Amino acid sequence: MMFKHQCPHPYHKTKQRLLLEKALPMIIIVGVLASFFIGRVSVRSVAEFMDEIGLIESENIQLSKQNYELVKQVDFLEGASKIDELARNDARQTLAGLHEQLSDAKEQIGFYQRVVSPETLVKGAYLHSFEIFKGEQSDDFRFQLVVAQGSSNKRAVKGKVSIFIEGKKSGETVRLPLKTLVAEGGAGSLSFSFRYFQILSSDIKLPAGFSPERVDVTLTPSSSKSKVVDKQWQWDDVIKSN
């Protein structure tokens, strides 16, 4: 076993103490300088970091303002677009309504022209047209009869119209008069009085199990000098859908 040699001589201890006393101030100075340098670097780094944070926050504020303005512009443009779309839709609906009115007006003009056209300038009253329109129920209908006379006739014509609907029920031919078919409140008989033309109409209700095939119409003027007019229409030719 080896033992560490310790020098007990006072000279050596004194020499070590002197060396330590000489080195201690240098160690303290180096430590102070190192602490100052490290602290200065740390302070500078924190300051720079805070500056960067300030710049980022400033940029964020500017970007937020720009985003807010852009959102307002987008909302305005979307609102304007919706208003434009509503205006276009209103214009389309108005235009469609005008087209429909124009079509109806043309149809009415055509009807009036047909009524008073030269080829219809016959003497006395005549049956111009007959139409039947379907109702909400399968056995509900509404008929429209147009009676007219030539425009060369200057006097009003009066009289009555009788209507019969012929068809099949239980395999047998049945002829039903208008007065048995008119709906509640409807006219059981039709009278006319006009100068050029008149439209006669009424709601009717067919009995269950009855299949209509033909419509017979008779126009009887009040004047004995005017002739009676008879005309028939096939049901399938005059039935219309609303």
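Residues are classed as buried under 20% relative accessible area, exposed over 50% and partly exposed in between, with a 1.4 Å probe and protein chains only. The model is predicted: local features need pLDDT of at least 70, side-chain atom pairs count only at pLDDT 80 or more, and totals for chains, interfaces and linings use all residues. Numbering starts from 1 along each chain as its sequence is written, and side-chain values use heavy atoms, with hydrogens and water left out.

The protein contains two helices and nine strands. These are DSSP runs numbered from the N terminus (helices, H or I, at least four residues; strands, E, at least two). Along the sequence the pattern reads α-β-β-β-β-β-β-β-β-α-β. Of the 242 residues, 20% are buried. The accessible surface amounts to about 18,400 Å², and carbon and sulfur atoms hold 58% of this area. Areas were computed by the Shrake-Rupley method with a 1.4 Å probe; for residues, only the protein chains shown count as cover. Among contacts (heavy atoms within 4.5 Å) with a separation of 6 or more, 62% link residues 24 or more positions apart.

Strand 3 (residues 157–169) pairs with strand 4, strand 5 and strand 7. Pairing requires at least two DSSP bridges between two strands. Strand 7 (residues 210–221) runs antiparallel to strand 3, and eleven bridges join them. Here glycine 167 has proline 212 as its bridge partner. Strand 5 (residues 190–194) is also antiparallel to strand 3, over five bridges. Lysine 160 is bridged to serine 191 in this pair. Strand 4 (residues 172–177) is joined to strand 3 by six bridges, again in the antiparallel sense. Lysine 168 has threonine 173 of strand 4 as its partner.

Strand 3 and strand 4 form a hairpin with two residues between the strands. Serine 170 lies in this loop. Its phi is positive, at about 55°, although the residue is not a glycine. Most residues other than glycine have a negative phi. Serine 170 counts as exposed because its relative accessibility is 73%.

A further four strands form an open sheet in the order 6-2-1-9, with mixed pairing. Strand 6 (197–205) and strand 9 (239–240) are the edge strands, each pairing on one side only. Strand 2 (residues 140–149) runs antiparallel to strand 6, and nine bridges connect the two. Within strand 6, glutamine 198 stands opposite valine 147.

Helix 2 (residues 235–238) includes aspartate 236. This aspartate is exposed, with a relative accessible area of 65%. The C-alpha atoms of aspartate 236 and arginine 214 are 8.2 Å apart, across 22 residues of sequence.

The second largest pocket holds about 180 Å³ of space. On a 1 Å grid over the protein atoms alone, a pocket is an open set of points where a 1.4 Å probe fits, with protein on both sides within 12 Å along at least five of seven lines; lining residues have an atom within 4 Å of a point. Grid points are joined across faces, edges and corners, and the volume is the space filled by probe spheres set on them. Ten residues line the second largest pocket, with Gln149, Arg155, Ala156, Val157 and Ser226 nearest its centre. The lining comprises three nonpolar, five polar and two charged residues. Ala, Val, Leu, Ile, Met, Phe, Trp, Tyr, Cys and Pro count as nonpolar, Asp, Glu, Lys and Arg as charged, and the others, Gly among them, as polar.
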